[in-house]
Amino acid sequence: ASTLAEGAAQHDRYFGVAIAANKLNDSVYTTIANREFNSVTAENEMKIDATEPQPGQFNFTQADRIYNWATQNGKQVRGHTLAWHSQQPQWMQNLSGQALRQAMINHIQGVMSYYRGKIPIWDVVNEAFEDGNSGRRRDSNLQRTGDDWIEVAFRTARQADSAAKLCYNDYNIENWNAAKTQAVYNMVRDFKARGVPIDCVGFQSHFNSGNPYNSNFRTTLQQFAALGVDVEVTELDIENAPPQTYANVIRDCLAVDRCTGITVWGVRDSDSWRSYQNPLLFDGNGNKKQAYYAVLDALNEG
Ligand code: G3I
(Lines give C-alpha, C1' and ligand atoms only; values in the text may rest on other atoms or scores of the structure.)
Protein backbone atom coordinates (compact mmCIF):
# COMPACT_ATOMS: atom_id res chain seq x y z
CA ALA A 1 0.00 0.00 0.00
CA SER A 2 1.17 3.52 -0.65
CA THR A 3 -1.17 5.51 1.61
CA LEU A 4 -2.11 5.20 5.27
CA ALA A 5 -5.76 4.46 4.47
CA GLU A 6 -4.84 1.67 2.04
CA GLY A 7 -2.28 0.33 4.49
CA ALA A 8 -4.84 0.13 7.28
CA ALA A 9 -7.50 -1.29 4.95
CA GLN A 10 -5.23 -4.31 4.37
CA HIS A 11 -6.00 -5.11 8.00
CA ASP A 12 -9.68 -4.11 7.85
CA ARG A 13 -8.96 -1.00 9.84
CA TYR A 14 -9.45 2.68 9.12
CA PHE A 15 -6.82 5.41 9.28
CA GLY A 16 -8.31 8.73 10.29
CA VAL A 17 -7.37 12.35 10.89
CA ALA A 18 -8.73 15.33 12.82
CA ILE A 19 -9.90 18.04 10.45
CA ALA A 20 -10.47 21.75 11.13
CA ALA A 21 -13.17 23.42 9.04
CA ASN A 22 -11.21 26.66 8.63
CA LYS A 23 -8.44 24.78 6.82
CA LEU A 24 -10.62 23.21 4.15
CA ASN A 25 -9.67 26.00 1.73
CA ASP A 26 -5.95 25.15 2.07
CA SER A 27 -5.24 22.86 -0.87
CA VAL A 28 -1.98 21.47 0.53
CA TYR A 29 -3.94 20.43 3.61
CA THR A 30 -6.91 18.94 1.79
CA THR A 31 -4.72 17.14 -0.74
CA ILE A 32 -2.88 15.28 2.01
CA ALA A 33 -6.02 14.66 4.04
CA ASN A 34 -7.92 13.31 1.07
CA ARG A 35 -5.09 11.11 -0.18
CA GLU A 36 -3.95 9.54 3.10
CA PHE A 37 -7.00 9.12 5.33
CA ASN A 38 -10.41 7.47 5.13
CA SER A 39 -11.92 8.59 8.42
CA VAL A 40 -12.44 12.11 9.73
CA THR A 41 -12.97 13.54 13.20
CA ALA A 42 -13.96 17.19 13.56
CA GLU A 43 -11.27 18.78 15.71
CA ASN A 44 -13.71 21.25 17.33
CA GLU A 45 -16.80 21.66 15.16
CA MET A 46 -19.03 18.96 16.67
CA LYS A 47 -18.34 19.90 20.26
CA ILE A 48 -21.03 21.29 22.55
CA ASP A 49 -20.16 24.99 22.22
CA ALA A 50 -20.16 24.73 18.43
CA THR A 51 -23.37 22.73 17.98
CA GLU A 52 -25.61 24.24 20.69
CA PRO A 53 -24.46 27.83 21.21
CA GLN A 54 -27.80 28.77 22.79
CA PRO A 55 -30.02 26.38 24.77
CA GLY A 56 -32.08 24.30 22.38
CA GLN A 57 -30.80 26.20 19.34
CA PHE A 58 -28.60 23.88 17.41
CA ASN A 59 -26.15 25.06 14.78
CA PHE A 60 -24.50 22.54 12.50
CA THR A 61 -22.94 24.99 10.02
CA GLN A 62 -19.31 24.25 10.88
CA ALA A 63 -20.00 20.60 11.69
CA ASP A 64 -21.59 20.13 8.29
CA ARG A 65 -18.61 21.70 6.53
CA ILE A 66 -16.55 18.85 7.94
CA TYR A 67 -19.27 16.25 7.41
CA ASN A 68 -19.85 17.28 3.78
CA TRP A 69 -16.16 17.40 2.90
CA ALA A 70 -15.65 13.97 4.43
CA THR A 71 -18.60 12.26 2.78
CA GLN A 72 -18.03 13.92 -0.60
CA ASN A 73 -14.56 12.40 -0.48
CA GLY A 74 -15.74 8.97 0.62
CA LYS A 75 -14.65 9.15 4.22
CA GLN A 76 -16.37 7.95 7.37
CA VAL A 77 -16.98 10.43 10.18
CA ARG A 78 -16.32 9.85 13.89
CA GLY A 79 -18.53 12.07 16.03
CA HIS A 80 -16.67 14.01 18.72
CA THR A 81 -17.97 14.71 21.40
CA LEU A 82 -21.36 14.86 23.18
CA ALA A 83 -20.82 15.08 26.95
CA TRP A 84 -17.66 16.79 28.19
CA HIS A 85 -16.64 19.16 30.96
CA SER A 86 -14.73 21.33 28.46
CA GLN A 87 -15.82 23.49 25.53
CA GLN A 88 -19.29 23.89 26.98
CA PRO A 89 -21.15 27.01 25.86
CA GLN A 90 -21.45 29.68 28.53
CA TRP A 91 -25.12 28.90 29.17
CA MET A 92 -24.27 25.27 29.97
CA GLN A 93 -21.34 26.25 32.19
CA ASN A 94 -23.85 28.24 34.21
CA LEU A 95 -26.14 25.25 34.82
CA SER A 96 -26.02 22.67 37.58
CA GLY A 97 -28.04 19.86 39.05
CA GLN A 98 -31.20 18.63 37.33
CA ALA A 99 -31.19 21.47 34.79
CA LEU A 100 -27.68 20.57 33.63
CA ARG A 101 -28.52 16.87 33.55
CA GLN A 102 -31.52 17.61 31.34
CA ALA A 103 -29.44 19.91 29.14
CA MET A 104 -26.92 17.11 28.62
CA ILE A 105 -29.71 14.73 27.65
CA ASN A 106 -31.27 17.25 25.27
CA HIS A 107 -27.89 17.94 23.69
CA ILE A 108 -27.16 14.27 23.03
CA GLN A 109 -30.64 13.80 21.56
CA GLY A 110 -30.41 16.94 19.40
CA VAL A 111 -27.02 16.20 17.87
CA MET A 112 -27.47 12.47 17.43
CA SER A 113 -30.91 12.81 15.86
CA TYR A 114 -29.58 15.35 13.36
CA TYR A 115 -26.82 12.96 12.33
CA ARG A 116 -28.82 9.73 12.72
CA GLY A 117 -27.81 7.28 10.03
CA LYS A 118 -24.97 9.60 8.95
CA ILE A 119 -22.43 9.40 11.73
CA PRO A 120 -21.92 5.75 12.69
CA ILE A 121 -19.71 6.25 15.74
CA TRP A 122 -19.76 8.78 18.58
CA ASP A 123 -17.53 9.74 21.47
CA VAL A 124 -20.47 9.98 23.86
CA VAL A 125 -18.48 10.89 26.97
CA ASN A 126 -15.03 12.46 26.91
CA GLU A 127 -12.37 12.71 29.64
CA ALA A 128 -14.45 11.98 32.74
CA PHE A 129 -11.60 10.74 34.95
CA GLU A 130 -8.92 12.52 36.92
CA ASP A 131 -5.20 12.29 36.19
CA GLY A 132 -2.80 11.05 38.84
CA ASN A 133 -3.16 8.21 41.30
CA SER A 134 -6.66 8.78 42.68
CA GLY A 135 -8.58 6.74 40.14
CA ARG A 136 -11.45 9.13 40.77
CA ARG A 137 -13.87 10.85 38.49
CA ARG A 138 -12.81 14.32 37.41
CA ASP A 139 -14.64 17.04 39.28
CA SER A 140 -16.89 18.94 36.87
CA ASN A 141 -20.35 20.42 36.67
CA LEU A 142 -21.50 17.19 35.00
CA GLN A 143 -19.92 15.00 37.71
CA ARG A 144 -21.64 17.09 40.37
CA THR A 145 -25.02 16.12 38.90
CA GLY A 146 -24.37 12.62 40.25
CA ASP A 147 -22.14 9.64 39.56
CA ASP A 148 -24.66 8.15 37.13
CA TRP A 149 -24.25 10.96 34.56
CA ILE A 150 -22.04 8.81 32.35
CA GLU A 151 -24.44 5.90 32.11
CA VAL A 152 -27.34 8.28 31.55
CA ALA A 153 -25.39 9.78 28.64
CA PHE A 154 -24.83 6.35 27.12
CA ARG A 155 -28.46 5.23 27.57
CA THR A 156 -29.65 8.49 26.02
CA ALA A 157 -27.28 8.02 23.08
CA ARG A 158 -28.47 4.47 22.41
CA GLN A 159 -32.07 5.69 22.34
CA ALA A 160 -31.23 8.61 20.06
CA ASP A 161 -29.52 6.42 17.42
CA SER A 162 -29.69 2.71 18.08
CA ALA A 163 -27.34 1.92 15.18
CA ALA A 164 -24.47 4.18 16.26
CA LYS A 165 -21.39 2.81 17.97
CA LEU A 166 -21.00 4.47 21.35
CA CYS A 167 -17.54 5.19 22.74
CA TYR A 168 -15.98 6.41 25.94
CA ASN A 169 -12.90 8.50 25.03
CA ASP A 170 -10.01 9.60 27.27
CA TYR A 171 -6.29 10.44 27.45
CA ASN A 172 -3.53 9.03 29.68
CA ILE A 173 -5.31 5.67 29.78
CA GLU A 174 -2.82 3.91 27.50
CA ASN A 175 -0.46 2.71 30.22
CA TRP A 176 -1.98 -0.40 31.78
CA ASN A 177 -0.44 0.37 35.17
CA ALA A 178 -1.91 3.86 35.50
CA ALA A 179 -4.63 4.36 38.10
CA LYS A 180 -6.67 6.26 35.52
CA THR A 181 -6.52 3.31 33.12
CA GLN A 182 -7.69 0.94 35.83
CA ALA A 183 -10.51 3.27 36.82
CA VAL A 184 -11.84 3.46 33.25
CA TYR A 185 -11.41 -0.30 32.88
CA ASN A 186 -13.49 -0.87 36.03
CA MET A 187 -16.20 1.47 34.74
CA VAL A 188 -16.42 -0.35 31.41
CA ARG A 189 -16.47 -3.73 33.15
CA ASP A 190 -19.28 -2.52 35.39
CA PHE A 191 -21.21 -1.11 32.40
CA LYS A 192 -20.94 -4.41 30.54
CA ALA A 193 -22.02 -6.33 33.63
CA ARG A 194 -25.08 -4.12 34.15
CA GLY A 195 -26.05 -3.76 30.51
CA VAL A 196 -25.23 -0.07 30.16
CA PRO A 197 -24.83 0.40 26.38
CA ILE A 198 -21.17 0.95 25.54
CA ASP A 199 -19.52 -0.35 22.38
CA CYS A 200 -16.01 1.04 22.32
CA VAL A 201 -13.26 2.83 24.16
CA GLY A 202 -11.14 5.51 22.50
CA PHE A 203 -7.53 5.84 23.63
CA GLN A 204 -6.58 9.37 22.65
CA SER A 205 -2.86 8.56 22.73
CA HIS A 206 -1.39 12.02 23.18
CA PHE A 207 2.07 10.73 24.06
CA ASN A 208 4.69 13.09 25.48
CA SER A 209 7.26 13.25 28.27
CA GLY A 210 4.49 13.47 30.87
CA ASN A 211 2.59 10.51 29.43
CA PRO A 212 5.19 8.47 27.56
CA TYR A 213 4.33 5.53 25.35
CA ASN A 214 4.75 2.25 27.21
CA SER A 215 4.91 -1.13 25.48
CA ASN A 216 2.12 -2.32 27.78
CA PHE A 217 -0.29 -0.31 25.61
CA ARG A 218 -0.94 -3.55 23.76
CA THR A 219 -1.94 -5.21 27.04
CA THR A 220 -4.30 -2.32 27.73
CA LEU A 221 -5.97 -2.69 24.34
CA GLN A 222 -6.26 -6.47 24.84
CA GLN A 223 -7.70 -6.16 28.35
CA PHE A 224 -10.38 -3.68 27.30
CA ALA A 225 -11.23 -5.71 24.20
CA ALA A 226 -11.66 -8.76 26.43
CA LEU A 227 -14.49 -6.91 28.20
CA GLY A 228 -16.41 -7.00 24.93
CA VAL A 229 -15.82 -3.53 23.51
CA ASP A 230 -13.99 -2.38 20.40
CA VAL A 231 -10.93 -0.22 21.00
CA GLU A 232 -9.62 2.65 18.88
CA VAL A 233 -6.65 4.98 18.87
CA THR A 234 -8.55 8.24 18.53
CA GLU A 235 -6.23 11.28 18.77
CA LEU A 236 -2.70 10.03 18.19
CA ASP A 237 0.20 12.46 18.34
CA ILE A 238 3.67 11.92 19.83
CA GLU A 239 6.09 14.59 21.04
CA ASN A 240 8.88 14.89 18.44
CA ALA A 241 7.25 12.06 16.44
CA PRO A 242 9.83 9.30 17.07
CA PRO A 243 9.37 6.88 14.13
CA GLN A 244 9.79 3.75 16.28
CA THR A 245 7.16 4.87 18.76
CA TYR A 246 4.71 5.58 15.98
CA ALA A 247 5.40 2.13 14.53
CA ASN A 248 4.88 0.51 17.93
CA VAL A 249 1.46 2.11 18.32
CA ILE A 250 0.44 0.85 14.88
CA ARG A 251 1.68 -2.67 15.67
CA ASP A 252 -0.17 -2.64 18.99
CA CYS A 253 -3.44 -1.86 17.25
CA LEU A 254 -2.87 -4.45 14.53
CA ALA A 255 -2.11 -7.07 17.20
CA VAL A 256 -5.57 -6.70 18.78
CA ASP A 257 -8.49 -7.97 16.72
CA ARG A 258 -10.92 -5.50 18.22
CA CYS A 259 -8.72 -2.47 17.51
CA THR A 260 -10.75 -1.11 14.62
CA GLY A 261 -8.76 1.95 13.61
CA ILE A 262 -6.32 4.76 14.29
CA THR A 263 -6.83 8.53 14.05
CA VAL A 264 -4.01 11.09 14.18
CA TRP A 265 -4.85 14.47 15.72
CA GLY A 266 -4.11 16.71 12.76
CA VAL A 267 -2.48 16.70 9.32
CA ARG A 268 0.77 18.73 9.53
CA ASP A 269 2.84 19.71 12.57
CA SER A 270 1.69 23.27 12.00
CA ASP A 271 -1.94 22.15 12.35
CA SER A 272 -1.37 20.51 15.74
CA TRP A 273 -2.69 21.82 19.06
CA ARG A 274 0.88 21.09 20.18
CA SER A 275 2.65 22.39 17.09
CA TYR A 276 5.77 23.23 19.15
CA GLN A 277 6.26 19.49 19.71
CA ASN A 278 6.17 18.60 16.00
CA PRO A 279 4.10 15.54 16.89
CA LEU A 280 2.48 14.57 13.58
CA LEU A 281 3.29 12.67 10.38
CA PHE A 282 3.70 15.63 7.98
CA ASP A 283 5.88 18.70 8.47
CA GLY A 284 4.66 22.25 8.13
CA ASN A 285 5.28 22.17 4.38
CA GLY A 286 3.25 19.01 3.97
CA ASN A 287 6.24 16.74 3.47
CA LYS A 288 6.16 13.18 4.76
CA LYS A 289 8.28 12.80 7.89
CA GLN A 290 10.30 9.75 8.99
CA ALA A 291 7.39 8.92 11.28
CA TYR A 292 5.10 8.73 8.26
CA TYR A 293 7.30 6.13 6.57
CA ALA A 294 7.57 4.15 9.82
CA VAL A 295 3.78 4.06 10.10
CA LEU A 296 3.31 3.03 6.48
CA ASP A 297 5.96 0.31 6.82
CA ALA A 298 4.28 -1.02 9.98
CA LEU A 299 0.96 -1.15 8.12
CA ASN A 300 2.60 -3.01 5.23
CA GLU A 301 4.38 -5.54 7.47
CA GLY A 302 1.68 -7.87 8.64
O1 G3I B 1 -12.09 29.69 17.15
C2 G3I B 1 -11.58 30.54 18.20
C3 G3I B 1 -11.19 31.87 17.66
O4 G3I B 1 -12.30 32.54 17.16
C5 G3I B 1 -10.54 32.67 18.78
O6 G3I B 1 -10.09 33.90 18.30
C7 G3I B 1 -9.36 31.92 19.37
C8 G3I B 1 -8.71 32.64 20.54
O9 G3I B 1 -8.35 31.80 21.58
O10 G3I B 1 -9.83 30.68 19.83
C11 G3I B 1 -10.38 29.87 18.83
O12 G3I B 1 -10.84 28.66 19.42
C13 G3I B 1 -9.84 27.75 19.80
C14 G3I B 1 -10.15 26.42 19.11
O15 G3I B 1 -9.25 25.43 19.53
C16 G3I B 1 -10.09 26.52 17.59
O17 G3I B 1 -8.79 26.80 17.19
C18 G3I B 1 -9.85 27.55 21.29
O19 G3I B 1 -9.40 28.75 21.92
C20 G3I B 1 -8.96 26.43 21.70
O21 G3I B 1 -9.12 26.17 23.09
C22 G3I B 1 -9.35 25.19 20.93
O23 G3I B 1 -8.45 24.15 21.27
C24 G3I B 1 -8.91 22.86 21.00
C25 G3I B 1 -8.95 22.05 22.29
O26 G3I B 1 -9.33 20.72 21.98
C27 G3I B 1 -9.93 22.65 23.28
O28 G3I B 1 -10.23 21.79 24.30
C29 G3I B 1 -7.94 22.21 20.01
O30 G3I B 1 -8.04 22.88 18.75
C31 G3I B 1 -8.28 20.73 19.83
O32 G3I B 1 -7.24 20.10 19.11
C33 G3I B 1 -8.38 20.05 21.19
O34 G3I B 1 -8.75 18.72 21.00
C35 G3I B 1 -8.83 17.93 22.19
C36 G3I B 1 -9.92 16.89 21.96
O37 G3I B 1 -11.13 17.50 21.61
C38 G3I B 1 -10.11 16.04 23.22
N39 G3I B 1 -8.85 15.44 23.66
C40 G3I B 1 -7.74 16.39 23.80
C41 G3I B 1 -7.53 17.19 22.53
C42 G3I B 1 -6.33 18.10 22.65
O43 G3I B 1 -6.53 19.06 23.63
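1. Let me start with Glu-235, which carries the "active site" annotation in an unreviewed UniProt entry. UniProt positions are given in the numbering used here, with shortened feature names, and such annotations may be inferred rather than shown by experiment. Glu-235 sits in strand 8 (residues 230-238). Helices (H or I, at least four residues) and strands (E, at least two) are DSSP runs, numbered from the N terminus. Glu-235 is buried because its relative accessible area is 5%, where buried stands for under 20%, exposed for over 50%, and partly exposed for what lies in between (1.4 Å probe, protein chains only).

2. A word on what you are looking at: this is a predicted model, in which local features need pLDDT of at least 70 and side-chain atom pairs count only at pLDDT 80 or more, while totals for chains, interfaces and linings use all residues. Residues are numbered from 1 along each chain as its sequence is written, and side-chain values use heavy atoms, with hydrogens and water left out.

3. Now the ligand. It is surrounded by 14 residues, and the closest are Glu-43, Lys-47, His-80, Glu-127 and Glu-235; a residue belongs here if one of its heavy atoms lies within 4 Å of the molecule. By class, the shell is made up of 7 polar, 4 charged and 3 nonpolar residues. In this scheme Ala, Val, Leu, Ile, Met, Phe, Trp, Tyr, Cys and Pro are nonpolar, Asp, Glu, Lys and Arg are charged, and the others, Gly among them, are polar.

4. Glu-43 has a side-chain N or O atom 2.4 Å from a ligand oxygen, and Trp-265 has one 2.9 Å from a ligand oxygen. Taken alone, the ligand exposes 790 Å², of which the protein buries 46%. These areas come from the Shrake-Rupley method with a 1.4 Å probe; for residues, only the protein chains shown count as cover.

5. The structure holds 2 disulfides, taken as pairs of cysteine sulfur atoms within 2.5 Å. Counting bonded cysteines along the chain, the pattern is 1-2, 3-4. One of them pairs Cys-167 with Cys-200, with the sulfur atoms 2.0 Å apart. This pair links distant parts of the chain, 33 residues apart: Cys-167 is in strand 5 (residues 165-170) and Cys-200 in strand 6 (residues 200-203). The link is left-handed, with -85° about the S-S bond. Cys-167 is buried at 0%, and Cys-200 is buried at 0%.

6. The other bond joins Cys-253 to Cys-259, S to S 2.1 Å. Its torsion about the S-S bond is about -100°, so this disulfide is left-handed. Cys-253 is buried at 0% relative accessible area, and Cys-259 is buried at 1%.

7. Lastly, two loop residues. Asp-199 lies between helix 8 (179-194) and strand 6, and counts as buried because its relative accessible area is 19%. Its side chain makes a polar contact with the side chain of Arg-158 at 2.9 Å; such a contact is a pair of N or O atoms within 3.5 Å, and within protein one must be able to donate a hydrogen and the other to accept it, with residues adjacent in sequence counting only if both atoms are side-chain atoms. Ala-163, in the loop between helix 7 (149-160) and strand 5, is exposed at 67%.
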